[in-house]
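Work through the exercises below with the sequence and the structure side by side, and try each task before reading its solution.

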Amino acid sequence: LESNKVVAQKHKDCEICNVDTCWKRFLDEDDAITKENKRFDTKYWRFDKAAPKISKSVALVLPSLPEELRIPSRRHEDIEDFLTEKYDAREETDRYIPFLVEYNPSLVQIPLGLKPSLPHEAAYLTTLRVTPANNCFKEEVYSNLKSNRKEVWDSMMWTSTNHLGLAVLDRNYQMIPGYDAIIDLANEMKVQKTNGDSGVEPSFMDYRLATLNGEVYLNINTDTVIITKLMIRSKDFVKNDRRYYRQIKTKRMFNVKPLYGGEKLDITLLHQFNTIWSGGSRGKNYALFTVPNATHPNAPDSIYAEINVNPYHKVSQIYPDEIDMLKKKDVKTRTRRNYMLDGIMQRKVKHNNATVSSRAPHASFSTVDEHWFPGNNAPFEPFSPVAHGGACCIELRKSQVLPVGNAMKTFGDHEYLLVGIAHSLVKWKHWYNYHGVPESDKAL
C-alpha cells in the first residue's frame with residue numbers, strides 16, 4: 001500500500017488509485033461511515049485477489065467432434081506448419097482449412113420443467129461456438145507469420161463454418177455421454193449467407209443461452225441479435241410422446257438434426273428466430289435477464305435486454321416470443337445486410353422504450369489492463385461502446401454487498417443487485433509492425 005501512495009503521487013495517471021483519496025470519488029466528506037472511522041478504510045483490489053474463488057473448473061471438450069478435425073496436441077508447437085499442411089491437403093472444393101475448435105461457452109441451469117425429460121443427473125446446458133475461425137485479433141496480427149502465405153490465414157478468418165455446439169452437463173460440469181451435439185444451424189435452417197467477403201461470411205456467430213421464466217432461450221449474434229426458445233429432451237422420452245410430433249407440424253417448431261453427435265439428444269426450436277432490433281443499426285452480445293413484475297407480483301417475471309454497457313448503460317424490456325412484422329424496406333437500413341436473413345430480420349421483437357443512464361459508471365479498481373499497460377499505453381478500449389462477450393446476471397443480496405457508498409442507505413432488505421460481465425475490444429496499433437518493437441509492448 002505504501003508503494004501505491006508513492007506511485008500515485010509521482011504519476012498523474014495513477015492518482016485515481018491512491019488508497020488515501022480514491023474513496024472521495026464515491027463518498028461525501030460528511031458521510032456517516034467516514035465520520036465513524038475518521039477516514040474511510042479503503043480496499044485496494046489486486047486483480048489476483050479480487051477474482052471470485054473457483055470451486056470447480058473444467059475444460060469443455062465435445063466428444064462428438066471427430067478426432068480428425070482436431071489439432072493434435074503434438075502439433076501445438078508447430079501450429080503454423082500444421083495449418084499450412086492442412087491447407088495444401090484440402091480438397092479443391094473446400095474453402096477453409098478442415099479443422100474445428102470449440103470455444104466461447106455459455107452455461108445455464110436446466111429449468112425444473114425440462115428435467116423430467118432428461119437423465120436424472122442433468123444439471124446444466126452449455127453452448128459452444130465450433131469453428132476454424134477466430135476473431136481474437138485483427139488481420140494485421142498475422143503479418144509477422146513466417147510463411148507469408150496470406151491465403152492460409154484468410155481461409156481461417158473468412159469461413160462460413162460457425163457451428164453450434166450443445167451439451168448437457170451433470171453437477172460437476174461433466175458432459176453426459178450421448179447428450180452432446182454439433183449443429184450446422186445456418187444450413188439446417190437454409191439461411192447460410194451467400195454474400196460478403198469471398199462469399200463465405202458466417203450467418204451465425206456466437207451462441208448464448210438464457211433461462212427466462214423457466215424456459216431456455218438461445219440468442220445468437222448475426223447482423224444483430226436473434227432469439228428463439230429451445231427445448232431439449234432425451235430421445236427415449238420423445239419417442240413415447242405422440243403429442244410432440246403433432247406439435248411439430250401444427251406449431252411450426254423446428255426439429256434440429258445434428259451434424260455430429262446427438263445420439264441420445266432431441267433438440268427443437270419452438271419457433272422461428274425473432275430479432276431484437278433495439279433501435280440501433282446493428283447489435284451484438286445483448287445480456288438477457290428477468291426481474292419480478294412490478295405491478296403484478298404473481299405474473300411471469302419481466303424480461304429485459306441489456307443492449308449497451310458503456311459509455312451509457314442501455315436496458316430495454318422485451319417480449320421475445322411476440323413480434324411486429326417489418327416491411328422489407330425497413331430491413332434494408334441495416335449497416336450489415338445478409339439477404340438470406342431478411343425474413344428473420346423482419347420479425348422484430350416487441351419491446352418497450354429503452355432506459356438509458358445519464359453517464360458512464362466510474363471505474364472502482366485497477367484492472368489487469370491498467371496494471372500491464374499503465375497510462376495511455378493500454379491497447380484496449382477502456383469503455384467500449386459495444387460489450388464484446390459477456391453474461392448476465394449474477395444476483396447479489398444486501399448481505400453480499402460491501403456496506404459502502406450512498407447506495408447502501410436505500411438498499412432494502414428484499415432488494416438486490418444484478419451484476420453483468422463484459423470485456424472490451426483489443427485495438428491493433430500500426431506500430432506493432434515496426435522493427436525492434438519488443439513483444440512485451442504488444443497486446444498479444
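A nonpolar core is a set of buried Ala, Val, Leu, Ile, Met, Phe, Trp, Tyr and Cys residues joined through side-chain atoms within 4.5 Å, where buried means under 20% relative accessible area, exposed over 50%, and partly exposed in between (1.4 Å probe, protein chains only). This is a predicted model, in which local features need pLDDT of at least 70 and side-chain atom pairs count only at pLDDT 80 or more, while totals for chains, interfaces and linings use all residues. Residues are numbered from 1 along each chain as its sequence is written, and side-chain values use heavy atoms, with hydrogens and water left out.

**Exercise 1.** Find which residues have the most contacts inside the largest nonpolar core.

*Solution.* The largest core has 38 residues, and those with the most contacts inside it are Leu125, Val168, Leu185, Phe204, Leu230, Ile232 and Phe273. Among the elements that give two or more residues to this core are strand 3 (163-169), helix 6 (185-188) and strand 7; strands (E, at least two residues) and helices (H or I, at least four) are DSSP runs, numbered from the N terminus. A second, separate core of 13 residues includes Leu212 and Ile307.

**Exercise 2.** Determine whether threonine 228 is buried or exposed, and what surrounds threonine 228.

*Solution.* Begin with its place, which is strand 7 (residues 225-234). Threonine 228 has a relative accessible area of 0%, and is therefore buried. Leaving aside residues up to four places away in sequence, threonine 228 touches several residues, including Val216, Leu270 and Phe273, where contact means heavy atoms within 4.5 Å. Finally, a polar atom of the threonine 228 side chain lies 2.6 Å from the backbone oxygen of histidine 271.

How values were computed
A polar contact is a pair of N or O atoms within 3.5 Å; within protein, one must be able to donate a hydrogen and the other to accept it, and residues adjacent in sequence count only if both atoms are side-chain atoms.
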